[in-house]
Amino acid sequence: MPGPQPLPRTRERMIAIGRAARDAMVLRSELLAELHRSFAFDAHVWLLTDPVTAVGYSPFADVPAARELPELIGLKYRTGVNRWTALASGPDRARTLVQATDGDLSASLLWREMLDRYDVVDVVSTVFADRHGCWGFLDLWRRAPAPPFAADVVALLADLSTSITADLRRCVASTFAGPAAAPSREMGPVVLLLDDRLNVMSQTDASEDWLRALVPAGTGQPTIPASAYNVAAQLLATEDGVDAHPARARAHLANGLWITLRAARLGGSGGNIAVTIEEASPVDRLEIFCLAFGLTAREGELMRALATGADSKELAARLFVTEHTVQDHLKSIFARTSTHSRRELVSRALGTRPTPES
């Protein structure tokens, strides 16, 4: 069997893979396969995240604790040590658990309560974030008798974080390529009630239809999507004072359809956690669209006004600029989003079919 390939070659190949990928799931699968050819790890968890709240969705994972998924997610969010949100705001984009704890892994709640049972000796965590938001995070586990991750592996992942972030953001932008597919049937919002251990206590009548759409039959995935556990776990993290981001995530489902998941406590601190899942509002879609395409704050302001049907004169008045400046902003947005008209631009952002030109 051939040994691991040199890490500089891994970097080159991963950059090439990233440039070619147009789908986030394919991208993650191919990048992980390349990493596996370069160094050993025993398990992986790679989530996309809402760029504003950093709450995860669309997990790509293979871990021995899969049967304990709710507990694993709850502990991950409630652990402040080496948390992806801390990496996103700090100088290091990748760091190991051994580094973060100075070798005392018991300082990590996740390790104490779960990973220790699976003989995990180290976890290297990488965050994928830029000035437009946090787009995902990756955890790679090593189990005994393997040694902790070497410094060159951490350096490689930190170095690749910038290019992979851009690739993930481009994949998110590609979900806005056309009109959003309508749900297969009329479905009201899902409401799931979870306890603090993230066990599902009850759900509304509409839940079964939505959950079938979220987790298609025959996929082997749990009936309750991991995204629901993620927003509930984020609520627990805010209550514990671990992280202040809201318990909300906008997630791409399929064919341009985006959904919004939220978690809230019912009846005070002792109540169950209510998770709602519904089709994303135009406001939610528009925010993700602007961030995914890397629009400036001014361009985002123009997009919000444009979505209301404002013409050039109204846009200029709202932004306190000239109509000529509005046209310059629009040209920049058209170039970034590969659109050619205001109607096409708005229809892609909102997931609607463009109205015919008059």
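Modeller: Helix 12 and helix 13 (residues 323-337) pack at an angle of about 100 degrees, their axes lying 8 Å apart. Axes here are lines fitted to C-alpha atoms, for helices over the stretch in contact, and angles run from 0 to 180 degrees between N-to-C directions. Helix 12 is therefore roughly perpendicular to helix 13. The cut-offs are these: under 35 degrees is roughly parallel, over 145 roughly antiparallel, 65 to 115 roughly perpendicular, and the rest oblique. Helices (H or I, at least four residues) and strands (E, at least two) are DSSP runs, numbered from the N terminus.

The model is predicted: local features need pLDDT of at least 70, side-chain atom pairs count only at pLDDT 80 or more, and totals for chains, interfaces and linings use all residues. Residues are numbered from 1 along each chain as its sequence is written, and side-chain values use heavy atoms, with hydrogens and water left out.

Now the residues. From helix 12, Ser312, Lys313, Leu315 and Ala316 meet Glu323, Val326 and Gln327 of helix 13. Contact means heavy atoms within 4.5 Å.

Helix 12 has another neighbour. Its axis (residues 312-319) and that of helix 11 (residues 297-306) come within 10 Å and cross at roughly 130 degrees. That makes helix 11 oblique to helix 12. Arg298, Glu301, Leu302, Ala305 and Leu306 of helix 11 touch Leu315, Arg318 and Leu319 of helix 12. The crossing of helix 11 and helix 12 is right-handed: the near helix is turned clockwise from the far one by less than a right angle.

Five strands form an open, antiparallel sheet in the order 7-6-10-9-8. Its edges are strand 7 (200-203) and strand 8 (248-254), each pairing on one side only. Two strands pair if DSSP finds at least two bridges between them. The twist averages 25 degrees from one strand to the next. Helix 9 (residues 226-239) packs on this sheet, touching strands 6, 8, 9 and 10, and its direction makes about 40 degrees with that of strand 9.

Follow the bridges. Six join strand 8 to strand 9 (residues 257-265), with Arg250 opposite Thr260. Five join strand 6 to strand 10, where Val190 has Ile277 as its bridge partner.
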